[in-house]
Amino acid sequence: MVKAGTLEKGDVMVTIEESGEREIIIKSKLERLYGEAIRKTVEEMTTDIVGKIYVEDMGALDWVIRARIEAAIRKFRGEEQ
Amino acid sequence: MKLRRTRLYVPGNNPHLVENVGLYGADCLILDLEDSVPLEQKFDARILVKYALQNVDFGRSEKWVRINSPDTPFWKADLEEVLPYVDVVNVPKVESYEDVEKISGIMDEIEEKHGVEKRKIVPIIETLKGLTNAREIAKHPRVVAMAWGGEDLTAELGIPKKKALILDHVRAEIVIAAKSQGKMALDTVYSNIRDEEGLFEYARRARYMGFDGVGVLHPNQVEVVHRAFRPEEKDIEEAKKIVEAAEKAMKEGKGVIALNGRMIDKPVLERARKILAFAEVD
């Protein structure tokens with residue numbers, strides 16, 4: 001399991017867990033407003049990830065979500081930190 | 001003329017603080033990957049900073065990133081991630097010309113790979129060895145300004161920073177090293193963010209020491225420092241007259257600039273231009 005980001009205001013925590021199937025779970029304080037947009041970004045950036053992707057949003061902007069997803073994917077793929 | 005009166009440090013691991021940086025009006029914004037980022041967040045932070053540099057509105061501020069020092073395993077990865085999107089690389093704990101050359105070599109490779117122009121370097125002198133070599137370091141073509149920090153230096157000497165009389169000598173040496181190569185000299189931060197009066201005096205002193213700017217830790221410090229660096233009205237008026245006389249002489253094809261019967265030589269004209277830049281007069 002890998003994590004990227006924090007649960008501070010304006011940030012997002014992205015977790016990717018080994019799993020035989022692909023699953024995306026989004027939890028956001030602003031889910032009704034931005035839930036779909038966040039899901040779209042996650043779907044778009046993680047197309048080739050097979051695993052459980054858990055996104056806990058603390059009101060992050062789109063570029064922050066993208067940065068945290070990229071960090072999580074690169075860790076998941078074993079990039080040296 | 002590029003102004004670097006204020007350079008505001010912003011932790012590179014905190015998106016909430018990064019997203020509004022363009023509103024603060026600092027001449028330079030430093031997204032920090034060094035001291036404000038804990039070890040376990042270095043990886044995430046450099047990716048976050050890369051996205052911030054491409055997505056956040058920096059307003060008129062120059063984009064800087066403080067990478068990790070050349071004696072850590074992080075600086076290369078920092079550069080690989082962020083270099084194509086920055087204006088200036090701020091390098092802590094630089095101790096020699098060779099340190100700058102080592103970093104510059106990696107920058108060459110990254111710039112070529114991404115097809116971007118050469119980026120600038122501002123080294124931070126923080127050790128006695130660095131101070132000894134400051135005049136050599138300032139000669140590097142990528143170096144546009146010299147900054148310094150007193151924590152490691154005073155620790156090396158075993159004296160408390162607040163009482164360290166030697167720091168006035170350090171300041172003078174940084175100014176001489178930078179200015180003798182035509183580079184800017186940048187003073188360190190004033191850490192009491194609530195003491196506006198103290199900051200004003202500190203920045204004024206830095207200015208009269210020969211510095212071109214100081215570091216700031218809080219957005220509220222920006223305006224105070226800019227005020228401290230603003231020249232006096234009578235100097236601004238005099239500078240305007242000198243520059244106007246120079247422009248008139250140039251138009252008329254005269255090699256000699258005269259104002260009220262007085263010859264204006266090159267250093268006086270340069271100083272006048274600098275005064276107008278600091279007064280933010282075009």
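**Strands, helices and domains in chain B**

Biologist: Which residue of β7(B) is the bridge partner of Ala145(B)?

Modeller: Met184(B) is that partner. Bear in mind that this is a predicted model.

Biologist: What stands opposite Leu186(B) in β8(B)?

Modeller: Gly213(B) does. Strand β8 of chain B covers residues 213-216 and pairs with β7(B) over two bridges, again in the parallel sense.

Biologist: Through which helix does the chain cross from β7(B) to β8(B)?

Modeller: The path goes through helix α9 of chain B, residues 196-209, and this β-α-β crossover is right-handed.

Biologist: At what angle do helices α2 and α3 of chain B pack?

Modeller: The angle between α2(B), residues 42-55, and α3(B), residues 75-82, is about 25 degrees, and their axes are 9 Å apart. Angles under 35 degrees count as roughly parallel, so that is how α2(B) and α3(B) lie to each other. Their crossing is right-handed.

Biologist: Which residues make the contact?

Modeller: From α2(B), Arg46(B), Ile47(B), Val49(B), Lys50(B) and Leu53(B); from α3(B), Ala77(B), Asp78(B), Glu81(B) and Val82(B).

Biologist: Which domains does the assignment give for chain B?

Modeller: Domain 1 spans 6-229 and domain 2 spans 233-278. Their C-alpha centres lie 33 Å apart.

How values were computed. Residues are numbered from 1 along each chain as its sequence is written. Chains are lettered from A and ligands numbered from 1 in the order in which they are written. This is a predicted model: local features need pLDDT of at least 70, side-chain atom pairs count only at pLDDT 80 or more; totals for chains, interfaces and linings use all residues. Domain bounds come from an automatic or database domain assignment. Two strands pair if DSSP finds at least two bridges between them. Helices (H or I, at least four residues) and strands (E, at least two) are DSSP runs, numbered from the N terminus. A crossover is right-handed if, with the strands pointing away from the viewer, the path from the first strand over the helix to the second runs clockwise. Axes are lines fitted to C-alpha atoms, for helices over the stretch in contact, and angles run from 0 to 180 degrees between N-to-C directions. Angles under 35 degrees count as roughly parallel, over 145 as roughly antiparallel, 65 to 115 as roughly perpendicular and the rest as oblique. A crossing is left-handed if the near helix is turned anticlockwise from the far one by less than a right angle, and right-handed if clockwise. Two residues are in contact if their C-beta atoms, placed from the backbone, lie within 7 Å.
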